[in-house]
Amino acid sequence: MGLREYWRKRDFSVTPEPRGEEAAAAPADAGEKKGAGEKKGAGEKKGAGEKKGAGEKKGAGKGAPSTPGRRARGEGASVLGVRLSHPDKVLYPEQGITKRELALYYASIAGRMVPLVKDRPLTLVRCPQGAERACVYTKHAKASRSSALRRVTIQEKTKMGEYLVADSAEALVSLAQMGILEIHTWNSTVSSLERPDRVVFDLDPDPSVSLERVIAAALLLRERLAALDLESFVKTTGGKGFHVVVPLAPGSGWDECLAFTKALAGDIARRDPKGYTIAVSKAQRKGKIFIDYLRNTRGATSVAAYSTRARPAAPVSAPLSWDELGTEVRPDQFTIRNLPERLASLKADPWARYGKVRQKLSPEMLRALGLRG
């Protein structure tokens, strides 16, 4: 069952954009600027050479209605009550995936995704003209006017910054409306900002490294964490590698979490210097897997589970069970079009225990890695 069939079986409240007086009363869109060559939405004047939408007749007077039951190309729509400007704008040209399809994807997986992103400050990758055009990283709330997204003020190194937080399905759809193709989250929540509730190991292989070696690295990390009595979870990144995620009950601060992950990653690299590195320099990563522990500094982020990536084929970061980790599952295998089918076929959520795990970094764990407990 593909994503289109999945939509037909469920009601995601996809409604046409209001017109006339209703449109005047509707909330403004999420601040998206129009790019060159972009088609205008309903109610906007047509520029020179712009084609008329379905149901419009040449020479028809202003306000001529479209054919009932049909929507003019480029006319707005709403998903879960969130107005989409230019819903037919193609964001992934190779697959023809539009903003509407992206919004519907987030509506379909919100039940699984929201608990994993709720109350977390966001860093976003915005691609208003699609994945194959220029994209920008943004972390401050000025990128959006959506009422579905919460704003929080956080002390940064030299100033105060206002961040966005997505606490609901409507918030995820609002991010799609903004042209956000990647959603990255902090390791802590706003309610406990200085006490991370997870640490993340990002396995980033050199292009010459085989998938078998990356899988072996993830399993090795799991084994080393289990030896410290820490349960871990794995997900694809939608890119080249995997994330190994360790949920924590808030307790340790940022410095302790960073020291722990650096010590464990460094110990693995010292034991097998030909296979692993923690060096940031790409020149030192040739033929190796970079164990990126720097995702665990204050303000650093990692791509959220179920988030799309701004890459060809619209891949997503997909949670896996450890039993699924094998060469038949590539890090970029799941996309917004095949993930709903995967989720529908699962007998159990591979991360069902994630929110139930209550574990902390203990002094004994730190001492086992040569750190002062």
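I take buried to mean under 20% relative accessible area, exposed over 50%, and partly exposed in between, with a 1.4 Å probe and protein chains only. By that rule I note Leu320, at 2% relative accessibility, as buried.

**Basis of the entries.** I work from a predicted model, in which local features need pLDDT of at least 70 and side-chain atom pairs count only at pLDDT 80 or more, while totals for chains, interfaces and linings use all residues. Residues are numbered from 1 along each chain as its sequence is written, and side-chain values use heavy atoms, with hydrogens and water left out.

**Entry 1: the chain as a whole.** I take helices (H or I, at least four residues) and strands (E, at least two) as DSSP runs numbered from the N terminus. The protein chain has eight helices and 17 strands. Of its 373 residues, 52% are buried. I use contact for heavy atoms within 4.5 Å. Among contacts between residues at least 6 apart in sequence, 69% join residues at least 24 apart.

**Entry 2: surroundings of Leu320.** I located Leu320 in strand 17 (residues 319–320). Leaving aside residues up to four places away in sequence, I found that Leu320 touches Val234, Lys235, Thr236, Phe242, Leu325, Val329, Phe334, Arg342, Pro350 and Trp351. Leu320 and Phe233 are 87 residues apart in sequence, yet their C-alpha atoms are 7.7 Å apart in space.

**Entry 3: strand 12 and its partners.** I count two strands as paired if DSSP finds at least two bridges between them. Strand 12 pairs with strand 17 in the antiparallel sense over two bridges, and Lys235 stands opposite Pro319 there. Strand 12 also pairs with strand 13 (residues 242–247), again antiparallel, over four bridges. In that pairing Thr236 stands opposite Phe242. The hairpin of strand 12 and strand 13 has five residues between the strands, and Gly238 takes a positive phi near 80 degrees. In a regular strand the side chains alternate between the two faces of the sheet. I checked strand 12 on this point: Phe233 and Lys235 point one way, Val234 and Thr236 the other way, and all are buried.

**Entry 4: aromatic pairs.** I pair rings of Phe, Tyr and Trp (its six-membered ring) if their centres lie within 6.5 Å; planes under 30 degrees apart count as stacked, over 60 as edge-to-face and the rest as tilted. My search of the whole structure finds six aromatic pairs. Tyr163 and Trp186 form an edge-to-face pair, 5.9 Å centre to centre with 85 degrees between the planes. Tyr163 lies in strand 9 (residues 160–165) and Trp186 in the loop between strand 10 and strand 11 (198–205), so the pair ties together parts 23 residues apart in sequence. Tyr163 is buried at 3% relative accessibility, and Trp186 is buried at 1%. The rings of Phe233 and Tyr354 have centres 5.3 Å apart and planes at 70 degrees, so I record this pair as edge-to-face. Phe233 lies in strand 12 (residues 233–236) and Tyr354 in the loop between helix 7 (339–345) and helix 8 (363–368), 121 residues apart. Both Phe233 and Tyr354 are buried. Ring pairs also link Tyr163, Trp186 and Trp254 into a cluster.

**Entry 5: helix 6.** I noted that helix 6 comprises residues 254–271. Its buried residues include Trp254, Cys257, Phe260 and Leu264. Among the elements covering the buried residues of helix 6 are strand 11, helix 5 (211–227) and helix 8.

Entry 6: I traced an open sheet of four strands in the order 7-6-10-16, with antiparallel pairing. Strand 7 (136–138) and strand 16 (302–303) stand at the edges with a single partner strand each, so one side of each is left without a neighbour in the sheet. Two bridges join strand 10 (residues 180–185) to strand 16, and the bridge partner of His184 in strand 16 is Val303.

Conventions:
Expected span 1.5 Å × (residues − 1).
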